[in-house]
Amino acid sequence: MTDSAHRLEEPQPGYVARTLLRWFMRPARVAAVAAISDNFRLIDLEGDALKNIDWTVGQKLQISMGTGLTARTYTPMSWDPEHGRTRLLAFMHGDAPGSRWVEGLREGDMCQFLGPRRSLDPSGIEAPLVLFGDETSFALASALSAVRRLRPILIFEVTDIAQSRSVLEGIGLGDATVIARASDDAHLGAAAGAVVAHASAGVHFVLTGRAAAIQHVNRALRAAGVGSSRMKAKAYWAPGKTGLD
Ligand SMILES: Cc1cc2nc3c(=O)[nH]c(=O)nc-3n(C[C@H](O)[C@H](O)[C@H](O)COP(=O)(O)OP(=O)(O)OC[C@H]3O[C@@H](n4cnc5c(N)ncnc54)[C@H](O)[C@@H]3O)c2cc1C
C-alpha cells in the first residue's frame, strides 16, 4: 500500500476532538524528516506557533497523532524561537501510534502540538552530570550536551548496539556508553554498575527511558549513598503502558 493510501484510511478526528484540538493545540509544519537509521528519524518542525517560545532543555512536546485526542510525547533537541523551528529525534520501536506516525511523516505534512511543557525539572541539574537512558533519551542527551556547562556523561541501554552507536555518532554523542538490553534484564547489573561508578561526591544524575531500568539504577544509586537531591528521574515508557505522560 502507498503511504498516501495508508493515510487516507486513518480515522479522522470527530467534531468534539476537532474542537478541542483547535482550542488547545497549535499547528506546525514538518520542515524536514531525515531517516538517519532504520528506527530513528530526525524531525524538524516549523511554524509561527513555534516562534518566541521560551524553551528549556528537558521540556516535552505532545503531538497529536491525528486520530481523536491521542497524543505522543517527544523531547525537543533544540529550539530556534526566532525562526520558529524545533528538532525532534524519534525512535520507532514497533507497531504503535507514535512509531507509525513517525514512519509515515513526510516533509510538508502538518501536525498539532501541545507545549513545550515541563517534564524533567531542570532546576538543580548541575555538572558533573550523568544521564542514564535509552533510545528515547537520545534527544534529551543531545539537548543537555549542548549546554556547555553541563557536558553530561551518557550511559544508555539499547536494543541494537550498532544502530544506536551510529545514530549517537551522527548527532555528535559518539562518546556515550551503550549497553545491550537483555530480554530478561540481566544487563541491568552492568548498567547500574556503569552509572554508580560515577557516584562520587557532588555528581548529579538524570534517569530517563524505560521505567524498570530507571527503578533499578535508582535503587543502586541510593545504595551507593546518592540522595534524592542529586537525582532526577522521569519514565518515558513502560512495557504494556501506552502514551506514558
Ligand atoms: C517526557 C517524555 C519525553 C519523551 N521523549 C522522547 C523522544 O524524544 N524520542 C522518542 O523516541 N521517544 C520519546 N519518549 C517516549 C515515547 O513517547 C514513547 O516511547 C511512546 O510510548 C511511543 O508511542 P507509541 O505510540 O509508539 O507507543 P505506545 O502506544 O505508547 O506504546 C505501545 C507499547 O509499545 C511499547 N513501547 C513504547 N515505547 C517503547 C520504546 N521506546 N521501546 C520499546 N517498546 C516501547 C510498550 O510496551 C507499550 O505498551 C518520551 C516520553 C516522555 C514521557
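1. Phi of Asp185 is positive, near 65°, and the residue is not a glycine. Keep in mind that this is a predicted model.

2. Arg151 is another non-glycine residue with a positive phi, here about 40°. It sits in the loop between H4 and strand S9 (153-158). With 14 other C-beta atoms within 10 Å, Arg151 is partly exposed.

3. Two peptide bonds to proline deserve a look. The bond from Gly115 to Pro116 is cis, with omega near 5°, and Pro116 belongs to strand S7. Ala127 and Pro128 are also joined by a cis peptide bond, with omega about -10°. Pro128 is found in the loop between S7 and strand S8 (129-133).

4. The protein chain is divided into domain 1 (3-117) and domain 2 (129-237). Their centres, taken over C-alpha atoms, are separated by 25 Å.

5. In what order do the strands of the open sheet run? The seven strands follow the order S4-S3-S7-S1-S2-S6-S5, with antiparallel pairing. S4 and strand S5 (76-80) are the edge strands, each pairing on one side only. From one strand to the next the twist averages 35°. Helix H4 (residues 138-145) lies across S4, S5 and S6 and runs at about 50° to S5.

6. Strand S3 (residues 60-64) is mostly covered, with four of its five residues buried. Three bridges pair S3 with strand S7 (residues 110-117) in the antiparallel sense; there, Leu114 of S7 is the bridge partner of Gln62. With strand S4 (residues 71-74), S3 forms four bridges, again antiparallel. Ile63 has Arg72 as its bridge partner in S4, and Gln62 stands opposite Thr73 of S4. In a regular strand, side chains alternate between the two faces of the sheet.

7. The hairpin of S3 and S4 has six residues between the strands, and in this hairpin Gly66 takes a positive phi near 85°.

8. Which residues come nearest to the ligand? They are Thr75, His93, Ala96, Gly98 and Asp245, out of 29 residues around the ligand. The elements that give two or more residues to this shell are S4, strand S6 (85-91), helix H3 (97-104) and strand S12 (231-237). S6 provides the largest share, four residues. By class, the shell holds 12 nonpolar, 11 polar and six charged residues. Domain 1 (3-117) and domain 2 (129-237) each supply at least three residues to the shell around the ligand.

Definitions and conventions. Residues numbered from 1 in each chain as written. Predicted model: local features only at pLDDT ≥ 70, side-chain atom pairs only at ≥ 80, totals over all residues. Buried ≥ 20, exposed ≤ 12 C-beta atoms within 10 Å, placed from the backbone. Pairing = 2+ DSSP bridges. Near = placed C-beta within 6 Å. Nonpolar A, V, L, I, M, F, W, Y, C, P; charged D, E, K, R; others polar. Domains from an automatic or database assignment. Axes fitted to C-alpha atoms, helices over the stretch in contact; angles between N-to-C directions. Contact = placed C-beta atoms within 7 Å.
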